[in-house]
Amino acid sequence: GGAQVPAYLKNLSDSGALVKVFSRTLAVGDELILTLGRNRSSKGVVQWVQGNLAGLRFETDGRSRVQTV
């Protein structure tokens, strides 16, 4: 398992998200799980980083990107 990193969600779409992180630096290619509340999460890959902002692309298998778990 990995570390939990608090982040501010700035933008969300079906294909990705823009997040602002405070306690850790993300790098292009990092894989992560974005958790939205208790019942929603998506796997994503960091596509770009600028300072403490990061653009994520959600992994897709042809179904909804944000899934109830």
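Analyst: Helices (H or I, at least four residues) and strands (E, at least two) are DSSP runs, numbered from the N terminus. On that basis the protein chain has zero helices and six strands, which follow one another along the sequence as β-β-β-β-β-β. This is a predicted model, in which local features need pLDDT of at least 70 and side-chain atom pairs count only at pLDDT 80 or more, while totals for chains, interfaces and linings use all residues. Residues are numbered from 1 along each chain as its sequence is written, and side-chain values use heavy atoms, with hydrogens and water left out.

A pocket here is an open set of points, on a 1 Å grid over the protein atoms alone, where a 1.4 Å probe fits, with protein on both sides within 12 Å along at least five of seven lines; lining residues have an atom within 4 Å of a point. The largest pocket is lined by 20 residues, and those nearest its centre are Q4, V5, L32, I33 and L34. Two or more lining residues come from each of the elements β1 (7-12), β2 and β3 (31-36), and β3 gives the most, with six residues.

Strand β2 (residues 16-21) also holds K20, which is partly exposed, with a relative accessible area of 27% (partly exposed lies between buried, under 20%, and exposed, over 50%, with a 1.4 Å probe and protein chains only). The C-alpha atoms of K20 and Y8 are 5.0 Å apart, although the two residues are 12 apart in sequence. In the chain as a whole, 23% of the 69 residues count as buried.
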